[in-house]
Amino acid sequence: MPFASLLRLLMIVQIALALRLDNMFVWRMGAKVTVLRIVLLALVACVWLTLSARAEIILQRIDTDRGVVILLKGAFALADDPQALAREVSATGAKVITFDSDGGNVVSAIAYGRVIRSLGLSSFQPRATQCVSACALAFVGAVIRHAEPGSIGVHQSSFSANAVLDGHTAVAAVQQMTAQIMTYLLEMGVDPKLLQLSLSVAPNDMRYLTAAEMDEYNVTAGLQNAVPETLPDTTMTPSDETTAHEEEERPLTNEDRALAFVSAYYQAWSLGNAEALVFMDRAYNETVSFYGKPRSRIYVVDKKVKFVMRWPVRAYNVKPGTATVSCAAYCVVAGIVDWYARRDVGYGVSSGSARFLISWDPSTQKIASESGEVLDVDKDAVAPVRVLSQWYDQNAVCRGTVDNTERTQAACTYREVIAAKLKAVGWCYAGEGQAAYQTDWHKCDITGSSFANGSLASKADFPRPARYAVTERFTGRTKLPDFRGRDRKFNSFRTRIRNGMREGPNFAGHFSVIQIGCGTGCTFAIVGDNNSGRPANFPRGGEENMYMQLHFEIGSRLLAAQWLDYKANKCFVEFFDYNRKKWELISKLDVGSSDACYRTVAENLR
């Protein structure tokens with residue numbers, strides 16, 4: 001964002017505060033309510049701009065008895081190239097950086113701060129020079145940070161007299177910038193309460209921090225809080241360089257606890273819905289930076305609930321060798337997770353890899369910030385190919401070495417962790433009486449029936465799909481409904497029905513089951529005949545049958561419907577036979593209270 005635009009933005013923020021527009025928005029934060037005024041003023045304190053932002057940063061080398069120190073001098077501007085610092089460090093081997101800056105552009109300062117952190121530099125700030133306003137953001141990017149009292153300064157920002165910007169644009173920009181700055185401070189382990197202190201200082205004044213204040217807000221950080229010079233390449237399994245005796249004797253560090261938490265996080269996320277949501281409800285601070293925006297814990301958990309209802313079968317596993325951790329006030333764990341998820345409706349599958357970034361708060365042992373991005377998606381995936389690949393890699397190490405090293409033991413242990421997740425999503429490795437070609441990973445039911453999974457056989461004698469097998473399978477081209485004539489009563493849902501039928505049959509030989517949402521937790525289903533093009537209603541759904549899950553397969557007429565009866569606070573599973581295009585109710589099971597409807601049909605029938 002250009003410097004002039006930022007000045008106009010901040011002027012509008014100041015006007016909005018004067019008009020008390022902030023009282024229109026509130027966020028719940030624990031037992032307190034924080035109005036938009038706090039968020040906007042926090043932004044004002046954090047942006048720390050100066051009118052000399054056109055100047056570019058100059059890097060100077062200072063030779064000392066302990067090596068080269070880099071002096072970063074001047075005002076930060078968007079035209080600066082933070083990678084120039086990386087090149088300078090590479091050329092000189094410098095380990096320490098110091099500053100002589102009155103501030104400048106906040107985006108540029110944050111960019112320098114992240115480069116400083118990636119290089120593993122330490123920072124030292126003498127009082128003879130100073131690092132104030134936006135420069136403080138770059139300073140806290142260092143791993144080890146020391147500063148003399150009075151060398152770091154903060155204050156409110158100043159405004160241009162001719163700043164003009166419409167209110168809608170201002171509010172949107174304020175929200176975006178606030179999230180970016182909050183995320184950055186959490187990454188660097190700095191207490192955001194530092195912003196509150198700066199609010200009390202006029203734009204034409206400067207508050208130089210005392211040693212106690214810099215320590216309190218984690219502006220300075222000693223060796224005991226520092227991360228290594230480069231982030232370690234840490235997996236969720238013990239290192240082969242650590243003996244079992246050392247593991248027993250060495251006290252757990254915050255890095256250990258953070259990695260263990262993330263491992264438990266994805267372990268829980270791979271469990272059934274009920275168990276996963278119990279963990280998620282306890283995993284977050286009351287206020288979280290969630291994918292770049294400040295959110296309440298309730299908001300985040302609600303997002304998790306909606307996701308597991310859509311994808312009730314899940315396997316998530318951190319890719320070995322990708323996890324890194326750095327700890328200061330917060331522990332930042334980053335890495336790549338491979339996932340596999342499946343829907344009960346139509347057996348829709350999602351598979352891929354994503355990068356995650358989780359900031360873990362050691363004081364609360366909960367998540368303070370979460371973000372990430374999808375790296376790759378497997379189109380038309382059927383099997384959990386990426387999680388399976390992880391298992392094969394660990395199995396190769398486990399079985400491919402003769403010596404019983406720590407690395408071998410770790411691989412064997414991790415292999416079993418992955419295997420448990422694969423089994424939970426319906427994939428089995430070998431089995432009693434199986435031929436040699438079957439001694440590999442495959443669907444637990446070779447015929448394709450998840451109902452026939454041996455893990456369900458201990459339940460009471462509920463109907464099995466094989467008893468309702470179809471004799472005819474669809475061939476040819478799908479015929480679509482006549483929405484202008486015979487099937488006009490389904491016209492309101494024509495797009496969903498057409499799209500569903502074009503994907504081909506998924507039930508009873510030549511039918512397409514299409515589930516459509518009607519509100520939070522509310523769905524209904526339509527069954528389209530691919531031979532005739534005629535759609536028909538399924539007899540359950542709507543507000544009378546909330547959180548409905550359907551379980552079916554193409555080779556059988558049997559369909560299981562799980563739904564919640566709010567009035568009775570009961571979760572039921574009903575079995576229907578779709579015989580001669582009529583729904584015949586075969587049996588009905590009470591599988592528990594409302595919590596049972598957070599689990600899949602298969603889980604409730606075990």
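A residue counts as buried when its relative accessible area is under 20%. The legends below describe close-up views of a predicted model.

**View 1. The hairpin of strands β23 and β24.**
One of the bridge positions sets M546 against L564 of β24. The hairpin leaves 6 residues between the two strands.

**View 2. Strand β16 between its partners β15 and β17.**
Of the 13 residues in β16 (residues 349-361), 10 are buried, so this strand too is largely enclosed by the rest of the structure. On one pairing, β15 (residues 331-342) meets β16 in the antiparallel sense through 12 bridges. Within that pairing, V337 has A354 of β16 as its bridge partner. The other pairing, with β17 (residues 366-377), is also antiparallel and has 10 bridges; here G352 stands opposite V377. Strands β16 and β17 make a hairpin with 4 residues between them. In the turn of this hairpin, Q365 has a positive phi of about 60°.

**View 3. The largest nonpolar core, with F356 among its residues of most contacts.**
This core has 65 residues, and Y266, Y284, F356 and L422 are those with the most contacts inside it. Helix α10 (residues 254-269) supplies the largest share of the core, 7 residues. Leaving aside neighbours within four places in sequence, F356 is in contact with V262 and Y266, with V318, with the run V333, A334, G335, I336 and V337, and with S371 and G372. Another core, of 42 residues, lies apart from the largest one; I97, A134, L185 and V190 are among its members.

**View 4. The open sheet of 5 strands.**
The strands follow the order β3-β4-β5-β6-β8, and their pairing is mixed. Strands β3 (58-64) and β8 (145-147) stand at the edges with a single partner strand each, so one side of each has no neighbour in the sheet. Neighbouring strands are turned by 25° against each other on average, direction ignored.

**View 5. Two left-handed disulfides, C131 to C135 and C518 to C522.**
The model has 4 disulfides in total. In the pair C131 and C135, the S to S distance is 2.0 Å. The torsion about this S-S bond is about -105°, so the disulfide is left-handed. C131 is buried, with a relative accessible area of 0%, and C135 is likewise buried at 0%. For C518 and C522, the S to S distance is 1.9 Å. Here the torsion is about -85°, so this disulfide is left-handed as well. C518 is partly exposed, with a relative accessible area of 38%, whereas C522 is buried at 5%.

**View 6. The right-handed disulfide of C571 and C597.**
The sulfur atoms of C571 and C597 are joined at an S to S distance of 2.2 Å. Their S-S torsion is about 100°, so the disulfide is right-handed. C571 lies in strand β25 (residues 570-579), and C597 lies in the loop between β26 (582-592) and α16 (601-604); the pair therefore ties together parts that are 26 residues apart in sequence. C571 counts as buried at 0% relative accessibility, and C597 is buried with a relative accessible area of 2%.

Conventions: Residues numbered from 1 in each chain as written. Predicted model: local features only at pLDDT ≥ 70, side-chain atom pairs only at ≥ 80, totals over all residues. Heavy atoms only, no water. Pairing = 2+ DSSP bridges. Axes fitted to C-alpha atoms, helices over the stretch in contact; angles between N-to-C directions. Core = buried A, V, L, I, M, F, W, Y, C linked by side-chain atoms within 4.5 Å. Buried < 20%, exposed > 50% of the residue type's maximum accessible area, 1.4 Å probe, protein only. Contact = heavy atoms within 4.5 Å. Disulfide = S-S within 2.5 Å.
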